[in-house]
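I opened this entry to record what I looked up in the model. My notes follow in the order I made them.

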Amino acid sequence: MSRPPATAPATWDVIVVGAGPAGATAARVSAEHGLRTLLLERASIPRYKTCGGGLIGASLAALPPGLPLRTYDTAGRFTFTHNGRRERTLTSTAPTCVMVYRSELDQALTEAAAAAGATVQDTTALNSLDQEGDTVTVRTNRGETLRARVVIGADGSASRVARYVGVRCAQVDLALEAEVPVDERTAARWRGRMLMEWGPLPGSFGWVFPKGDVCTAGVVAARGNPQALRAYKEDFLARHGLLGPRPLHDTGHLTRCRRPDSPLARGRVLVAGDAAALLDHWSREGISYALRSGRLAGSAAARVVAAADEAEADTAIGQYGRQVEATLGPEMRASGTLMELFTLHPGLVHAALTRVPSAWRSLDHYISGRTSVAGIMTTPLARAATALGTWLTPAPAHA
Ligand SMILES: Cc1cc2nc3c(=O)[nH]c(=O)nc-3n(C[C@H](O)[C@H](O)[C@H](O)COP(=O)(O)OP(=O)(O)OC[C@H]3O[C@@H](n4cnc5c(N)ncnc54)[C@H](O)[C@@H]3O)c2cc1C
């Protein structure tokens, strides 16, 4: 994409690292506040990103209005199975789950940042950073030394900036995913319908997302047993007739969920999105987290740059952490509780979802953005299921 202007400032107001949904949003919001903003991206834009590309209501609501974006399908029917058995397909009252390609979404978001005034420099990776006083220094793979008042690390789940900040995770999973071209008959079978299968490994599931002449299909489980996960993926794809065709992409990617006490900043360096390990523990939905934390980080950068002194800048950075906690913290805690229940008792979660109408209604409302996971987990049914799950779980043996 664009190169830095000939008159690049000696010190940028903000350098954003990573042009995914978190970074592109942070850069757009910073630029809208009038900040001299540089968005660095390691890859060449548009770039491939391993992702289902499913946008739930919370993600759609957090996109900039009027973003030009091609959608490939909208899921209105949801098939659930438990280890390939007890299949049930339920229909949404307000089909919302929109299927996109991440290369296109992230490019559109990056173009929106550029249109707002951000300078975008792709094929440029942050190699290291450090800070002194009110200046953060970034060194890149091109041998450049760049300076900024604030750096926002939005460099994804293998983030270098997160390592610098000291982000700590409660849950790290490995996801394996393939983009499989499908013939017309298979495409028709999946059109308007997505599948979620609760899998054989603890806390695992598989998915098929329809995108016209392509299905995105994958599996996810706790990191640590890649052979078992690969075997599950082969079996899953074979059972759904998606193993034969040569995939357009066949990749793996880590997903990470932060510990509640994990930092969101160190000095003038903030983290957002996957870099901050902001992600739903259960569904591993992360685009809405990236968009929302990216927006908060961009606004925080504006307050830091406008601060009269270091104390005011510190207050603005602390406020970023509190805002993320207030908006995304309850979501993460609730999804963590759901994930614990699901890991121990996937059959119970499957039975509730597919047999108790109010449970499906809650999930349907979550997908369409009418409630949150925190909202779901306070319903009487979810409370009862959590209590039942606790009761069914054997107490740990004492040494
Ligand atoms: C298999 C899989 C399926 C998923 N499906 C869904 C889904 O359907 N819906 C959903 O909501 N979420 C899904 N997620 C989660 C979602 O993909 C992430 O939460 C989301 O991409 C986070 O966005 P981000 O901007 O924080 O990071 P990313 O999208 O990962 O963007 C980070 C960017 O930083 C760049 N970068 C990395 N290092 C550097 C560096 N040193 N210097 C410069 N740039 C750098 C990368 O190239 C990348 O472009 C899925 C995740 C996986 C793994």
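**Overall form.** I started with the radius of gyration of this predicted model. A compact globule of 399 residues would have a value near 21 Å; the chain has 21 Å, so the two agree. I then took the spans of the C-alpha trace along its principal axes, and they are about 60 × 55 × 40 Å. Next I counted secondary structure: the chain holds 12 helices and 18 strands. I checked burial as well, and 48% of the 399 residues count as buried. For contacts I kept pairs at least 6 apart in sequence; 73% of these join residues at least 24 apart.

**Core.** Which residues touch the most other members of the largest nonpolar core? I found Ile-15, Ile-152, Leu-270, Val-271 and Ala-272, in a core of 118 residues. Helix H8 (residues 310-344) contributes the largest share of this core, 12 residues.

**Domains.** I read the domain assignment next. It gives domain 1 (12-50 + 102-169 + 259-329), domain 2 (72-99 + 170-257) and domain 3 (335-392). I looked up the distance between the C-alpha centres of domain 2 and domain 3, which is 20 Å. Their contact takes 13 residues from domain 2 and 13 residues from domain 3. On the domain 2 side, strand S5 (77-82) and strand S6 (85-91) each supply at least two residues. S6 gives the most to that side, with three residues. By class, I noted six nonpolar, five polar and two charged residues on the side of domain 2 that touches domain 3.

**Ligand shell.** How many residues surround the ligand? I got 39, and the closest are Gly-18, Gly-20, Gly-52, Gly-273 and Gly-286. The shell divides into 15 nonpolar, 14 polar and 10 charged residues. Helix H1 (21-32), strand S12 (169-181), strand S16 (249-258) and helix H7 (287-306) each supply at least two residues of the shell. H1 gives the most, with three residues. Why does the ligand lie between domain 1 and domain 2? I place it there because both domains give residues to the shell around the ligand.

Key: Residues are numbered from 1 along each chain as its sequence is written. This is a predicted model: local features need pLDDT of at least 70, side-chain atom pairs count only at pLDDT 80 or more; totals for chains, interfaces and linings use all residues. A residue is near a molecule or strand if its C-beta atom, placed from the backbone, lies within 6 Å of it. Helices (H or I, at least four residues) and strands (E, at least two) are DSSP runs, numbered from the N terminus. Ala, Val, Leu, Ile, Met, Phe, Trp, Tyr, Cys and Pro count as nonpolar, Asp, Glu, Lys and Arg as charged, and the others, Gly among them, as polar. Domain bounds come from an automatic or database domain assignment. The radius of gyration is taken over C-alpha atoms; the globule rule is 2.2 Å times the number of residues to the power 0.38. A residue is buried if 20 or more other C-beta atoms lie within 10 Å of its own, exposed if 12 or fewer, and partly exposed in between; C-beta atoms are placed from the backbone. Two residues are in contact if their C-beta atoms, placed from the backbone, lie within 7 Å. A nonpolar core is a set of buried Ala, Val, Leu, Ile, Met, Phe, Trp, Tyr and Cys residues joined through C-beta atoms within 7 Å.
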